[in-house]
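Colleague: I would like to learn how to read a structure such as this one, going from a single residue to the way the elements pack. Could we go through it together?

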Amino acid sequence: MCAVSRVGGLCVLSFIVGCGAPKGDPGGRVEVHRTTPAERRAPGMVVADMASASDQIAQSLISDLNGIVEKQFRDPSVRAWVVFGAIENKSYTMPRTDFEYIRELVKDKLQKSALWRDNIKFVAQRKAVEQQNREEFDEDDRDPLQREPGREGVERPSKEHMYYLNGKAYGVLRGSTEDYYLSFNLTRASDGEEIFSHSYEMKYTKRDH
Amino acid sequence: MQIAMLSAVTCVILASCASAPRRTMLTIEDYAFIADEIAAKLQADLSTGPLASRTSGSPPMVISVQKVVNLTSDLLPTSIRRALVVRVKDSLPKVLLEEKNIQFVIPMELVRAGAGTREWEEGSFTERRPTHHMTVKFRSVTRTAEKQRTESYLCDYQITALSSGELVWSDQVEFKRWAEGRLWD
């Protein structure tokens, strides 16, 4: 009985203490371009700058596109294919997924441009497409000779007309200062020549370091 | 007995402090916001954007919708992962789909699930021939500093051709959630 009343007393006390003014801020949904306190203090690029980097890379690629098609494409009448390539992450503070995020933003901005769509098509990686087809048509279980016509494999152009969109990210950390250097490029699949490259650099001084 | 007392007190403190969530997880309103935004964008692109050139005489675009691929740190139950795509599909006017020769077919995942429970009669869906997939990828960028947290979400919808993997349409919704303080404060 004594123990029960002790628990009851403690509950009442803790309820009173616990019901004090709530600490912190529940926050909520905000615009991407608004920088939050966590971003100002945590290591890594601010999200607004990631969006800005993607804007610059996409704009630069679209503004250079006519020249690229004329001078770099082996046959300007053939629509080139662009596949997501490698991301080299040496930022030390940001996960690779952050750069995949930037690349998705770039892709969306490029895809919105009619000039881009007229000259280039984005394609998924061959393995991903093969996987989708296996799931749809159970091709794993079928004799390759018995497959439906037109489903023999994933359509791919000559490597002369195929390019990889690669990304590189480097970070330099000195005390409370962080410097990030991003670079995205288009590399021809046949000979590895970089036909386009754009970089973005940003420096921060963060309070928590 | 002491452990029991301590547990009871902890529970009461946590319960009494649950005035407002201090977390950056997606809410029900966010899911509705994402689906409505994308539905509006897809409808606009069918009328005036990249898909506007399609007509009733264009080669059929037979789309199988796939559930959301979750690359965030949030847990997304299957119901939400499906609802996010189905809601977009259902919002498209039938007349517009007919004008553009676009059809949606039952996803293979549901065909298989139904076959296991004998919901479908034998021989069902043998004529099913999807040409495209509608896929959704959910990504996030997280920044945390002591009691402050921000999660930037990017939800990317795309339609790709199954024959080549060509991206024929894509659009995104991006927003941030932030919070300050501990869950139990």
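This is a predicted model: local features need pLDDT of at least 70, side-chain atom pairs count only at pLDDT 80 or more; totals for chains, interfaces and linings use all residues.

Colleague: Which residues is Leu173(A) in contact with, once its neighbours within four places in sequence are left aside?

Modeller: They are Tyr92(A), Thr93(A) and Glu178(A). As for Ser91(A), it is 82 residues from Leu173(A) in sequence, yet the two C-alpha atoms are 9.0 Å apart in space. For chain A as a whole, 67% of the contacts with a separation of 6 or more are between residues 24 or more positions apart.

Colleague: In what order do the strands of the open sheet in chain A stand?

Modeller: The general idea is that strands of a sheet pair through backbone hydrogen bonds, either parallel or antiparallel. Here five strands of chain A form an open sheet in the order β3-β2-β4-β5-β6, with mixed pairing. Strands β3 (120-123) and β6 (194-205) of chain A each have a single partner strand and stand at the edges, so one side of each has no neighbour in the sheet. On average, and ignoring direction, neighbouring strands of this sheet are turned by 25 degrees against each other.

Colleague: Where can I see both kinds of pairing?

Modeller: For the parallel kind, look at strand β2 (residues 80-90) of chain A, which is joined to β3(A) by four bridges, and where Val83(A) stands opposite Val123(A). For the antiparallel kind, β5(A) and β6(A) pair over eleven bridges, with Tyr181(A) opposite Glu201(A). The hairpin of β5(A) and β6(A) has five residues between the strands, and in this hairpin Gly192(A) takes a positive phi near 75 degrees.

Colleague: Which strands does helix α4 of chain A lie across?

Modeller: Helix α4 (residues 96-111) of chain A lies across β2, β3, β4 and β5 of that chain, and runs at about 155 degrees to β2(A).

Colleague: How should I describe the way α3(A) and α4(A) cross?

Modeller: Two packed helices are described by the angle between their axes and the distance between the axes. The axes of α3(A) and α4(A) come within 9 Å and cross at roughly 40 degrees, and the two helices are therefore oblique to each other. The crossing of α3(A) and α4(A) is right-handed. On the α3(A) side the contact includes Met50(A), Ile57(A) and Leu61(A), and these and others meet residues of α4(A), among them Tyr101(A), Leu105(A) and Lys109(A). By class, this contact of α3(A) with α4(A) has twelve nonpolar, one polar and two charged residues.

Colleague: Finally, how many helices and strands are there in each chain?

Modeller: Chain A has six helices and six strands, which from the N terminus on run α-β-α-α-β-α-α-β-α-β-β-β. Chain B has five helices and six strands, in the pattern α-α-β-β-α-α-β-α-β-β-β. Buried residues make up 25% of the 209 residues in chain A, and in chain B 31% of the 185 residues count as buried.

Conventions: Residues are numbered from 1 along each chain as its sequence is written. Chains are lettered from A and ligands numbered from 1 in the order in which they are written. Two residues are in contact if their C-beta atoms, placed from the backbone, lie within 7 Å. Two strands pair if DSSP finds at least two bridges between them. Axes are lines fitted to C-alpha atoms, for helices over the stretch in contact, and angles run from 0 to 180 degrees between N-to-C directions. Angles under 35 degrees count as roughly parallel, over 145 as roughly antiparallel, 65 to 115 as roughly perpendicular and the rest as oblique. A crossing is left-handed if the near helix is turned anticlockwise from the far one by less than a right angle, and right-handed if clockwise. Ala, Val, Leu, Ile, Met, Phe, Trp, Tyr, Cys and Pro count as nonpolar, Asp, Glu, Lys and Arg as charged, and the others, Gly among them, as polar. A residue is buried if 20 or more other C-beta atoms lie within 10 Å of its own, exposed if 12 or fewer, and partly exposed in between; C-beta atoms are placed from the backbone.
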